[in-house]
Amino acid sequence: MSATILPQVDIATYATSTQGLSLQQLSFIGSVFTKVGANQVEDALSFLRQTFARFNTYIDVHSVPSVEEVLSLLDAGAVKVFVTLQQLEQLKSVKNLDLDRVAVTVSDESTREDIINAVAGTTVGVYAEAVADIELVEAWLKEYGGERPPVFISLSKATEENLLKVMNSGAVPVISAERLTVNPEADPQRIDIAKLLIANVESDRVDGLFPTLVTDERGIALGLVYSSEKSVSESLRTGAGVYQSRKRGLWYKGATSGDTQELIKIGFDCDQDCVRFVVRQKGKGFCHLSTATCFGEYSGLSRLQQTLQKRKASAPEGSYTARLYNDPKLLQAKIMEEANELCEATTKEDVAWEAADLLYFALTKCVAAGVTLEEVEQNLDAKNLKVKRRKGDAKGPWAAKLSVSAPQDEVKEAASVPKARSDPAGTIDGRIEMRRFNTATEPNSVIQEALKRPSQRSSEKIMGIVNPIIADIRARGDAAVLEYTHKFEKATSLTSPVLKAPFQQALMNLSPETIAAIDTSFENIRRFHAAQADKPLTVETMPGVVCSRFSRPIERVGLYVPGGTAVLPSTALMLGVPAMVAGCKTIVIASPPRADGSITPEIVYVAHKVGAQSIVLAGGAQAVAAMAYGTESVSKVDKILGPGNQFVTAAKMVVANDTSAGVSIDMPAGPSEVLVIADKTANPAFVASDLLSQAEHGVDSQVVLIAVDLTAEQLQSIENEVDRQANALPRVDIVRGAISHSVTLLVKDIKEAMEYSNLYAPEHLILQVHEPEKIVELVQNAGSVFVGPWTPESVGDYSAGVNHSLPTYGYAKQYSGVNLGSYVKHITSSNLSPEGLKNIGSAVMQLAKVEELEAHRRAVSIRLEHMEKGTG
Ligand SMILES: NC(=O)c1ccc[n+]([C@@H]2O[C@H](COP(=O)([O-])OP(=O)(O)OC[C@H]3O[C@@H](n4cnc5c(N)ncnc54)[C@H](O)[C@@H]3O)[C@@H](O)[C@H]2O)c1
Ligand SMILES: N[C@H](CO)Cc1c[nH]c[nH+]1
């Protein structure tokens, strides 16, 4: 709101002055003017700091010797400085300074032409000080017309009449605050501020009242009322919301309902025909219907603030918000987590979603500290007034972390490196513990939020890395594959990217125990997948119409075996055995080699057992691209299967979408995850061990415990076990990374547990509950289910026979895990006798007619005619 009138204060005495308007009354008007002497800059800066939220401060700085100091005042929030002609010339060259924050003072030395020339073509205002001849000024302003800069005038003789003349001519009067009063009846020597304020407001109503918009401090409209000079005067005097009822005279808002208002400011719209009251509403709200506003309840940030403030006053014990208030470290971790997710969001929807999350936690921090949104916004406004702009570079660790030009291996580190020991991630009060939510007391939105998977890096960023790698492999083949392997795997001695079968025995020297373990697992996986083979089926749909379906193996398959943070020969088994069972002719395995260029002997042994044609010694996008398009030595394949990190998954998506590659993929299989449902019958140590077995995969893994009607002690036992067992693990820091976005949900019964599980669609579902077999019937979405206390998930990872290459990230809703069907395609056949064609012919011909495909129709009719003529 721009100033209508500028009450002048002395910064040396403003705090203690008892004459004229009090500080609070000044804040209702919202603007003050002050003069700063040569030695008063520090005082002025402190004045600005203390009062920036209450006043727009205009400062006469013509005694301030250096431009640097003038800029400091502007920087600290002075909305406008009144300067000499000479200072103006210096300020004109300051970058970032908006000249509408400057007014030049007319002095004895400056002629009218000097001033006109100085402000011509700019937004610089003009300040005429101690004007005696008001008529001259009026004439001057009239001559200037509407298109003139803002003009401020102080009068040598400030009477109410003169001040009104100044205002009538469209200038802003500057007058000592000591000469003004809000109570003209008790203080007749002083000038009535209400009269001045309202002087230029126009009313087009017959009753002469002014439409008045009432808003809160954030500018949200609370309602529409009416004001008169008297009601404005009463409001200024009492510091409350007082309006003019069209029927009942003066209306002291809240006098009967108790829903009173604290006056913050009074202002006017651009053409002075609407008054605006900014108030702090007390009680139930502004509206007589007990809502916050006459337009309904608050929404967005205002609503969130209201809820958080209520929760702070009395949050239900055990609620998530109460936990956030009581656990500053948790709140800190959430703010950092959400800030990171916002940074990584790219689509409009994701950015809005993540920004909302961050604002939720940021506002929780504010409310916990007693800070309001209004105060945050005041700070934003103050920062907007800064002239000395910072470069805006990111600080130390953030700059290093997010350096745009970071080399590729730094990016890799940011994605997968375990948290440092000093990093509190995954701990609560120093214990390794998952966040706990009670579905009975938390709103559904909070539960949904808690169950969100940790965000993956934005597809835009990943694609920006993966696409050039794929293009490079296509263009330069083996040479490029080798270069990337040298770079990412540090295997600089490697000279060929492929190891061809038969594999030398020396490459697969293993202990007898490991060979026995692989052989046992191999056999179980083979048996289970062989049993999945479907026999050809034949159905006679109508007499003489025989339909069949049979399957054929996909000829050439490429199997990606991850090898970044852990070597996974078990994945070679899970992908290789079904390929062998299905009868795929060419099996190519790809896996990142070790730094010495060799490949893990267990993987070579599995490759040998499943009859692989070759092993590609490469990982990531380069391995996927080499298998999709083929290179001089890597065989092109028809389908690529296997899990991997974000680079692998993104590359699989890219090649599958490229029709020129002619390759398909299995499914999106990302970071491992597990959901354990445990009731009172569960052994806490078993539950904890299952959770940790997936948490150790990577910092981006997520584990979920759904505790069914457990007591606080039972839950505590599981948490104690998680902390105890996790601390004993070699990969404890990876575990902490995963635990930091893992959760425990407390639910009332198994039915509710299954609802959440089906909604989450976990990769692995573990049932440690009473009669678990019965519960399997309730499973709708899951990659693989582990039933009862004696079935840890690791048996499925290695040896039971089920496949461990499974859909993650909720894709279990629409994808199956790898199975025999992943390696075959189904072909159908039809075989009709003459009788069959006669039976079905009319239907076919009619539909062909409907579709206006005459050749289709004739393919039948020609045969039927043939039969009729007996020539068939
Ligand atoms: N869902 C399942 O069935 C299943 C099974 C096993 C493993 N997994 C998951 O697979 C993932 C394996 O990931 P991983 O990283 O350990 O191994 P990985 O083999 O998938 O990835 C390693 C490769 O990533 C590439 N890479 C790394 N940093 C890069 C960068 N900055 N730019 C370009 N390329 C880069 C390199 O080429 C490296 O060879 C884990 O998340 C694990 O949980 C899932
Ligand atoms: N649990 C992983 C699937 O998400 C597979 C695996 C390999 N080794 C151990 N586990």
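## Cores, sheets and helices

I193 touches L21, I29, L180, T181, V182 and L236, leaving aside residues up to four places away in sequence. Touching, or being in contact, means that two C-beta atoms, placed from the backbone, lie within 7 Å. The model is predicted, and local features need pLDDT of at least 70, side-chain atom pairs count only at pLDDT 80 or more, and totals for chains, interfaces and linings use all residues. Residues are numbered from 1 along each chain as its sequence is written, while chains are lettered from A and ligands numbered from 1 in the order in which they are written.

**The protein as a whole**

The protein contains 31 helices and 33 strands; these are DSSP runs numbered from the N terminus, with at least four residues (H or I) for a helix and at least two (E) for a strand. Of its 872 residues, 38% are buried, that is, 20 or more other C-beta atoms, placed from the backbone, lie within 10 Å of the residue's own. Among the contacts with a separation of 6 or more, 67% are between residues 24 or more positions apart.

**Nonpolar cores**

The largest nonpolar core has 83 residues, and the members that touch the most others are L73, V81, I153 and I193. Such a core is a set of buried Ala, Val, Leu, Ile, Met, Phe, Trp, Tyr and Cys residues joined through C-beta atoms within 7 Å. Helix α8 (residues 193-198) supplies the largest share of this core, 5 residues. The core lies between domain 1 (6-198) and domain 2 (210-281), because both give residues to it; the domain bounds come from an automatic or database assignment. Another core, of 70 residues, lies apart from this one and includes I469, I470, V581 and Y629.

**The barrel**

In the order β1-β2-β3-β4-β5-β6-β7-β8, 8 strands close into a barrel with parallel pairing. Two strands pair if DSSP finds at least two bridges between them. Direction ignored, neighbouring strands of this sheet are turned by 25 degrees against each other on average. Helix α5 (residues 112-119) packs on the sheet and touches β5 and β6; its direction makes about 170 degrees with that of β5. Such angles run from 0 to 180 degrees between N-to-C directions, with axes fitted to C-alpha atoms, for helices over the stretch in contact.

Strand β4 (residues 80-83) is covered on both faces: K80 and F82 are buried on one side, V81 and V83 on the other. Opposite V81 of β4 stands I59.

**The open sheet**

Another sheet, of 4 strands, is open, with the order β12-β11-β16-β15 and mixed pairing. Its edge strands, β12 (221-227) and β15 (261-268), each pair on one side only. Here too, neighbouring strands are turned by 25 degrees against each other on average, direction ignored. The bridge partner of T212 is V275 in β16.

| Strand | Partner | Sense | Bridges |
|---|---|---|---|
| β3 (residues 56-60) | β4 | parallel | 3 bridges |
| β5 (residues 102-106) | β6 (residues 125-131) | parallel | 4 bridges |
| β11 (residues 210-215) | β16 (residues 275-281) | parallel | 4 bridges |

**A helix pair**

Helix α20 (residues 569-582) packs against helix α21 (residues 601-610) at an angle of about 5 degrees, and their axes are 9 Å apart. So α20 is roughly parallel to α21, a term for angles under 35 degrees. On α20 the contact is made by P569, A572, L573, G576, V577, A579 and M580, and on α21 by E602, I603, V606, A607 and V610.

Terms used. Buried ≥ 20, exposed ≤ 12 C-beta atoms within 10 Å, placed from the backbone. Parallel < 35°, antiparallel > 145°, perpendicular 65-115°, else oblique.
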